[in-house]
Amino acid sequence: MQNTTEWTDLLEQFKRFGGQAENIAQQNGPYGLGLFPIDSNEEVNLLVPKNLLVPADNIELEDGEVVIRDHNSFPKGYGEWFRRYQALFSWGAEGEASVTDFENGLQNLPVNVKSKMIKLGLYQPDQRMPCGNRRESILRRFLNCRCLVRKGQLLVMPILELVNHSPLAANWETHSDGNVGVSGRRGGEILVKYSNSDSMQRLMAYGFNCREPMAFSLHISVQHRGQSIKIQGGGGRRWFQSPMVKYKGDTLVIQQPLLGFSQGPKLAKSLFLMAFQDFSNVDATELFEQIHQANTLALVDLLRLLDKQTGETASQLRCGCLDQLLILSEHVGYRPELLLHDDGISATKDSNPTKRAFMG
């Protein structure tokens, strides 16, 4: 658990800047360092005002510490407060060390493992470590998994970014005035859902294992009835929409198809079939199964390559592959009546359309 005096003093200053932070403490839990209610019978209230959100491109390293480059637009004293917060409870607490360990683990994998991961779209070493200054690259990786994305801009959420992820939790509470926070009564650790993703994407982006309820395709290619099919992997933001399909020359390109969903096993195939209603030269059901098979074989091949590898990162990758394989199996049938709709399924903030439309 953190130094209580330092934590209390930090929160009191945060509130003087206009933030809200009631009934919260930082301590170790099942997901590492996280935030917990001091009194589970009382409500948590944590809010970061819009004017205290810090653009990631306004953050730099100064003598190894994370600081705001230009803090003139922030309240007086906020720049020094932010430096101390990062040193004691975020970057300096375990942030730098955890990101460094994961990136070192990836770089130390055998060439055949890394080559396989690159081919599947899981690992882009030049994108992960683009800077000549390695510590600066580690900082950018750290910020990429700690920020709120708003209108294409990465924003650091002091205090709030200490909240850990759960796919079963609600999203951040975003307000019309631009503020962001979490609130309400919590029986245990305070958790939020960072985003929609799958197990392998989550691991590669954030450096931790989580059995996500969705599974999207990897980067793979298949041959279907004499046609070359290229599948662009990844996905999450528009998981409730049918995948985009287009020809690029003679190759048919499918963008980020959902292949499994534990909370609605009929969703994946239904969305896939919707995308191919106007393609007379494609048997969408057969192609869906081909893509499934190719993903399964790719993950099994990766597991075989990782079988004799030691170290935490190799262990995390094996766990990620197994979680991904499990959720890939979560597809059973489809809903024929949904193929009458060509505008996808609407996802709303307050409801889960997949539970209404695809369960049962």
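Arg 146 is placed in the loop between α6 (134-144) and β8 (147-150), where helices (H or I, at least four residues) and strands (E, at least two) are DSSP runs numbered from the N terminus. At 18% relative accessibility, Arg 146 counts as buried; buried means under 20% relative accessible area, exposed over 50%, and partly exposed in between (1.4 Å probe, protein chains only). The side chain of Arg 146 makes a polar contact with that of Glu 161, at 2.5 Å. A polar contact is a pair of N or O atoms within 3.5 Å; within protein, one must be able to donate a hydrogen and the other to accept it, and residues adjacent in sequence count only if both atoms are side-chain atoms. When residues up to four places away in sequence are not counted, Arg 146 touches Ser 90, Gly 95, Met 157, Glu 161 and Leu 162, contact meaning heavy atoms within 4.5 Å.

The model is predicted: local features need pLDDT of at least 70 and side-chain atom pairs count only at pLDDT 80 or more, while totals for chains, interfaces and linings use all residues. Residues are numbered from 1 along each chain as its sequence is written, and side-chain values use heavy atoms, with hydrogens and water left out.

Salt bridges were searched for across the whole structure, and 20 were found. A salt bridge is defined as a side-chain nitrogen of Lys or Arg within 4 Å of a carboxyl oxygen of Asp or Glu. One of them joins Glu 12 to Lys 15, with the closest N and O atoms 3.1 Å apart. Both residues belong to helix α1 (residues 4-16), where they are 3 residues apart, about one turn of the helix. In general, an α-helix has 3.6 residues a turn, so residues three or four places apart point the same way. Glu 12 is partly exposed at 35% relative accessibility, and Lys 15 is partly exposed at 27%. A network of salt bridges links Glu 6, Asp 9 and Arg 84.

A further salt bridge is formed by the side chains of Asp 301 and Lys 116, at 3.8 Å from N to O. This pair links distant parts of the chain, with Asp 301 in helix α9 (residues 284-306) and Lys 116 in helix α4 (residues 111-119), 185 residues apart. Asp 301 is partly exposed, having a relative accessible area of 31%, whereas Lys 116 is buried at 18%.

Lys 116 is also listed among the buried residues of α4, together with Val 113 and Met 117. Seen down the axis of α4, the buried residues fall within an arc of 95 degrees, so they line one face of the helix; the arc is that of the directions from the helix axis to the C-beta atoms. Val 111 and Lys 119 are exposed on the other side of α4. The buried residues of α4 pack against α3 (91-107), α7, α9 and α10 (312-328). After α4 comes Gly 121, with a positive phi near 80 degrees.

Helix α7 (residues 199-206) contains the buried residues Ser 199, Met 200, Arg 202, Leu 203 and Met 204. Just after α7, Gly 207 has a positive phi of about 80 degrees.

Two packed helices are described by the angle between their axes and the distance between the axes. The axes of helix α2 (residues 78-89) and α3 come within 5 Å and cross at roughly 65 degrees. Axes are lines fitted to C-alpha atoms, for helices over the stretch in contact, and angles run from 0 to 180 degrees between N-to-C directions. Gln 86, Ala 87, Leu 88 and Phe 89 of α2 make the contact with Trp 91, Gly 92 and Ala 93 of α3. By class, this contact has 5 nonpolar, 2 polar and no charged residues; Ala, Val, Leu, Ile, Met, Phe, Trp, Tyr, Cys and Pro count as nonpolar, Asp, Glu, Lys and Arg as charged, and the others, Gly among them, as polar.

Arg 225 lies in the loop between β15 and β16 and has a positive phi near 50 degrees, although it is a residue other than glycine. Arg 225 is exposed, with a relative accessible area of 56%. Asp 283 forms a salt bridge with Arg 225, the closest N and O atoms lying 3.2 Å apart. This pair links distant parts of the chain, 58 residues apart, with Asp 283 in the loop between α8 (267-275) and α9, and Arg 225 in the loop between β15 (220-224) and β16 (227-232). Asp 283 is partly exposed, with a relative accessible area of 26%. Gln 256, which is not a glycine, likewise has a positive phi of about 50 degrees.
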